[in-house]
Amino acid sequence: MIYLGDKNIKNLKLDWEQNIKAIELATRCIESEDISQPIKPYLRYRNPKNRIIAMPAFVGGDINRSGIKWIASFPENPQKGIARAHSVIVLNEAETGKPVSVINSGSISAIRTASVSGLIIKKFLELKRHKKVKVGLIGFGPIGQYHLNMCNELLGDSLEEVLLFDLKNISKDEIAYPLKDKVNIVGSWEEAYTDADIFITCTVSKEPYINKKPKDSSLHLNVSLRDYKTDVFPWFAESIIVDDWNEVCRENTDIEMFHKVNHLESSQVKLMQDVLNGFFKTLKKNQPIMFNPMGMAVFDMAIANNYLNTAIELNKGVLLEA
């Protein structure tokens with residue numbers, strides 16, 4: 001059994017093309033029902049703000065791996081000088097259940113999240129709505145930083161500008177050259193939102209605040225899931241995408257609020273497999289699009305398996321006795 005820590009993961013090449021391909025393969029497994037993924041339970045105790053989530057899954061196809069992610073989110077941790085989220089993934093052989101790896105790395109979750117967004121962006125770019133792309137990014141913690149890295153890699157020369165906002169002060173020194181030249185740090189979410197062709201929320205917001213009309217033809221990656229007020233629903237009603245309705249329509253997400261207030265039902269949303277099968281091409285050119293990912297364990301298994309295979313090829317990690 002191989003142990004990989006966060007340093008091991010960060011020292012391996014960050015290959016967005018490979019990671020996005022893994023998400024696409026896992027999505028095809030969802031489509032063919034070659035997965036198993038129970039609804040994830042939330043463990044809460046004492047302080048209700050804190051939670052630890054169990055995310056078991058099997059994903060078949062060329063990935064062919066089972067496992068579980070155990071991820072803790074404690075919002076007050078940064079005040080204690082430690083990360084908000086911590087996660088451990090155990091990977092098993094699909095045929096025998098034999099454990100093959102333990103990966104102790106919050107980076108895997110962040111990479112998975114950005115890779116899922118990357119797959120949606122990749123399909124959005126195929127529409128060729130924009131020759132040059134402005135990205136609005138709200139929240140610059142680890143998830144936001146990985147999204148910025150991914151957007152730079154995926155968009156390349158077509159990335160015109162990144163409008164970046166965080167409630168905390170952001171220093172340009174945190175942004176690597178040459179991307180630094182394309183990033184403008186703005187003073188409000190509205191400045192990042194209004195003219196964005198791709199708008200991404202990576203916050204820890206507890207209350208929704210976005211209530212303005214989205215830019216025509218824009219893509220909205222609602223990664224943090226609790227930023228949009230129900231006022232925006234009419235603008236997105238024809239183009240709401242989720243990774244899994246049963247997962248995302250709970251825990252006070254924007255989708256749950258759309259369901260309660262705007263009467264959104266599962267039959268009205270599209271899934272990631274629909275995006276792979278051409279859903280975007282059915283939309284009117286000026287229709288803004290909203291993607292709402294709760295986070296699926298099958299995607300964590302796919303990304304973790306990617307990194308395990310790379311670590312084995314490069315002889316990285318620590319070999320543990322059985």
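1. A quick word on terms to start: the expected span of a helix is 1.5 Å times one less than its number of residues, and helices (H or I, at least four residues) and strands (E, at least two) are DSSP runs numbered from the N terminus. Please keep in mind that this is a predicted model, in which local features need pLDDT of at least 70 and side-chain atom pairs count only at pLDDT 80 or more, while totals for chains, interfaces and linings use all residues. Residues are numbered from 1 along each chain as its sequence is written, and side-chain values use heavy atoms, with hydrogens and water left out.

2. Helix α4 (residues 142-155) passes the length check: its 14 residues should span 20 Å at 1.5 Å a residue, and the end C-alpha atoms are 20 Å apart, which agrees. Several residues of α4 are buried, including Tyr146, Leu148 and Cys151; buried means under 20% relative accessible area, exposed over 50%, and partly exposed in between (1.4 Å probe, protein chains only). Just after α4, glycine 156 has a positive phi of about 55 degrees.

3. What about disulfides? The structure holds 0 of them, a disulfide being a pair of cysteine sulfur atoms within 2.5 Å. The sulfur of cysteine 151 has its closest cysteine sulfur in cysteine 202, 8.6 Å away, too far for a bond. Cysteine 151 is buried at 2% relative accessibility, and cysteine 202 is buried with a relative accessible area of 10%.

4. On to the rings: there are 8 aromatic pairs, where rings of Phe, Tyr and Trp (its six-membered ring) pair if their centres lie within 6.5 Å, and planes under 30 degrees apart count as stacked, over 60 as edge-to-face and the rest as tilted. Phenylalanine 124 and phenylalanine 280 have ring centres 6.5 Å apart and planes at 90 degrees, so this pair is edge-to-face. Phenylalanine 124 lies in helix α3 (residues 106-125) and phenylalanine 280 in the loop between α9 (272-276) and β15 (289-292), so the pair ties together parts that are 156 residues apart in sequence. Phenylalanine 124 is buried at a relative accessible area of 2%, and phenylalanine 280 is buried at 3%.

5. Tyrosine 228 and phenylalanine 236 also form an edge-to-face aromatic pair, with 6.0 Å centre to centre and 90 degrees between the planes. Tyrosine 228 counts as buried at 1% relative accessibility, and phenylalanine 236 counts as buried at 0%. Elsewhere, Trp189, Tyr193, Phe199 and Tyr209 form one aromatic cluster.
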